[in-house]
Amino acid sequence: MNVKEKGFFVSIITMSLFFGILPAANAMHIMEGYLPVQFCIAWGVICIPFLVAGYLSIKKTISEDRKSLTILAMAGAFIFVISSLKIPSVTGSCSHMTGTGLGAILFGPTAVSILGIIVLVFQAILLAHGGLTTLGANTFSMAIAGPLLSYGIYKLCQNLKVNKHVGIFLAASIGDLFTYCITSLQLALAYPSATGGVAASAVKFLAVFAPTQLPLAIIEGILTVVIIMGLETYAKSELTTIGFLNGGKN
């Protein structure tokens, strides 16, 4: 990696850190102890097959070319710093960008499950952002469901011959919003409304998230496009190695 490429990576991480540390640090994903035990266990079990697939995906990627570790590490760091931007809501969760769309586009959605759970563990332990008991639920919403939709939208846009950067924007922003749709559903399942049940509760949680999450999703989409454009300029060989310039992960 030459001096320009190193400078680009440093500037991206610095910019992400700048946005990530400004807000108050008392907001979080679904917080520690907020979900009943049975839901914590259930979401954890659901995550297991995705995590196994993610481990195998990353192992294959690294075995094919260890240089891909550079971009993989950058994608993980991006998730960590960008999802530390926390705008509190009045529920037991918060709104923030996820950063997972970038990794899903570059490496496929299963690899992001591993990156995401690592990020969530560090955030729960070091930043009190999220929790260990709610790790399964947070992993599913942010590191599995969101990346899967982001990847699906990106591939759909490719097949429809949509402009690549427009496709990246849509994938990252809609994947971000979908994460919060899943989080709202998780909270609604655990705490259904007395009048209207799960559906009514989900709508209430979505209404709380929407005012802050919609603009954040747009910002994440734009930021993801900017990073991809930078990588295409300064890390073309690395993108070629992981197959992105040839159509991305299959």
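Me: Why is phenylalanine 50 called partly exposed?
Reply: Phenylalanine 50 has a relative accessible area of 28%. Buried means under 20%, exposed over 50%, and partly exposed in between, with a 1.4 Å probe and protein chains only. The value of 28% therefore makes phenylalanine 50 partly exposed. This is a predicted model, in which local features need pLDDT of at least 70, side-chain atom pairs count only at pLDDT 80 or more, and totals for chains, interfaces and linings use all residues. Side-chain values use heavy atoms, without hydrogens and water, and residues are numbered from 1 along each chain as its sequence is written.

Me: What makes phenylalanine 140 buried or exposed?
Reply: Phenylalanine 140 has a relative accessibility of 15%, and it therefore counts as buried.

Me: Why is the pair of phenylalanine 50 and phenylalanine 140 called edge-to-face?
Reply: Rings of Phe, Tyr and Trp (its six-membered ring) pair if their centres lie within 6.5 Å; planes under 30 degrees apart count as stacked, over 60 as edge-to-face and the rest as tilted. The ring centres of phenylalanine 50 and phenylalanine 140 are 6.4 Å apart and their planes stand at 70 degrees, so the pair is edge-to-face. Phenylalanine 50 lies in helix H2 and phenylalanine 140 in helix H6, so this pair ties together parts that are 90 residues apart in sequence. Helices are DSSP runs (H or I, at least four residues), numbered from the N terminus.

Me: How many aromatic pairs are there by this rule, and what makes the pair of tryptophan 43 and phenylalanine 140 tilted?
Reply: The count comes to four aromatic pairs. In the pair of tryptophan 43 and phenylalanine 140, the distance is 5.1 Å centre to centre and the angle between the planes is 35 degrees, which is tilted. Tryptophan 43 belongs to helix H2 (residues 37-64) and phenylalanine 140 to helix H6 (residues 135-159), so the pair ties together parts that are 97 residues apart in sequence. Both tryptophan 43 and phenylalanine 140 are buried. Ring pairs link Trp43, Phe50 and Phe140 into a cluster.

Me: What makes tyrosine 191 partly exposed, and where does it lie?
Reply: Tyrosine 191 has 36% relative accessibility, so it counts as partly exposed. The residue lies in the loop between helix H7 (164-190) and helix H8 (197-234).

Me: Which residues are in contact with tyrosine 191, leaving aside its neighbours within four places in sequence?
Reply: They are Tyr34, Leu35, Pro36 and Ser201, where contact means heavy atoms within 4.5 Å. Tyrosine 191 and serine 201 are ten residues apart in sequence and 7.3 Å apart in space, C-alpha to C-alpha.

Me: Which residues line the second largest cavity, and of what class are they?
Reply: The lining consists of Phe50, Pro109, Thr110, Ser113, Ala143, Ile144 and Leu148. By class, five are nonpolar, two are polar and none is charged. Helix H5 (109-126) and H6 each supply at least two residues of this lining.

Technical notes:
On a 1 Å grid over the protein atoms alone, a cavity is a set of points where a 1.4 Å probe fits but cannot get out, and a pocket is an open set with protein on both sides within 12 Å along at least five of seven lines; lining residues have an atom within 4 Å of a point. Ala, Val, Leu, Ile, Met, Phe, Trp, Tyr, Cys and Pro count as nonpolar, Asp, Glu, Lys and Arg as charged, and the others, Gly among them, as polar.
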